[in-house]
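Welcome! Take a moment to turn the model around before reading on, and then let us walk through it together.

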Amino acid sequence: MKVAAIVGSIRKDSYNLQLAKHVQRRYADQVEVEILDLTPLPMYNQDIELDAPKEVLDFKAKVKEADAVLWITPEYNSSIPGVLGNAIDWLSRVDQVMIGKPSIIMGTSMGTLGSVKAQMHLRDILFAPGLNSPVLSANEVYVGAVHTKFDTEGNLTDESTIAFLDNVMANSQEWMKQYV
Ligand code: FNR
């Protein structure tokens, strides 16, 4: 099973990126996770969507070939970061590569709520007609106080979070089977 991970932070030391890398490493024998880089994406502009730059086409091709998308996002101003919204706008247009493709949502924050508002908004966005992506339910991952759960090398050290993610990933894989 191939999973494209889309991280809503392009910060070098992003905790959300660290969470994506944890998933990539820990479940490597079960799923092939590729973390996509949003940095090269230009701002979405309807004037160029039919003749989009190579960076956009490459990004969309990676999403298209994946069996599922794993979204891992911080919360910015009670919603999703602009960089994530921009990527979503590209994905929602022209060949609409998200339609029917399953999504799993996770996220972290340093506060206690673990990006819950951003994740709720993202879930809603994924139900828009241009995306129409089935989203895994009942396995919501809000990693709060994230700065206490990773070590300085970027390893997740919090045992209860590790165990919780094991359960969510097992459920995710079972759920994804119906779409591949
Ligand atoms: C934030 N942060 C934040 N946190 C939160 O819980 N609710 C919020 O609404 C916001 N808003 C917000 C806006 C902006 C512009 C920034 C830069 C930050 C804090 C944010 O979640 C925190 O810095 C995360 O660690 C960012 O994720 P990465 O980069 O570590 O993955």
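At what angle do α1 and α5 pack, and how far apart are their axes? The angle is about 65 degrees, and the axes lie 12 Å apart. Here axes are lines fitted to C-alpha atoms, for helices over the stretch in contact, and angles run from 0 to 180 degrees between N-to-C directions. Helices (H or I, at least four residues) and strands (E, at least two) are DSSP runs, numbered from the N terminus.

Before we go further, a word on what you are looking at. This is a predicted model, where local features need pLDDT of at least 70 and side-chain atom pairs count only at pLDDT 80 or more, while totals for chains, interfaces and linings use all residues. Residues are numbered from 1 along each chain as its sequence is written, and side-chain values use heavy atoms, with hydrogens and water left out.

Now back to the two helices. From α1, Leu 19, His 22, Val 23 and Arg 26 meet Ile 162, Leu 165, Asp 166 and Met 169 of α5; contact means heavy atoms within 4.5 Å. By type, the residues of this meeting are 5 nonpolar, 1 polar and 2 charged (Ala, Val, Leu, Ile, Met, Phe, Trp, Tyr, Cys and Pro count as nonpolar, Asp, Glu, Lys and Arg as charged, and the others, Gly among them, as polar).

Stepping back, the protein chain has 5 helices and 5 strands, which follow one another as β-α-β-α-β-α-β-α-β-α. Of its 180 residues, 48% are buried, meaning under 20% relative accessible area with a 1.4 Å probe, protein chains only.

Finally, look at α3 (residues 82-91), where 7 of the 10 residues are buried. Among them are Leu 84, Ile 88 and Trp 90. The cover over the buried residues of α3 includes β1, α2 (54-65), β3 and α4 (116-126).

Methods. Buried means under 20% relative accessible area, exposed over 50%, partly exposed in between (1.4 Å probe, protein chains only).
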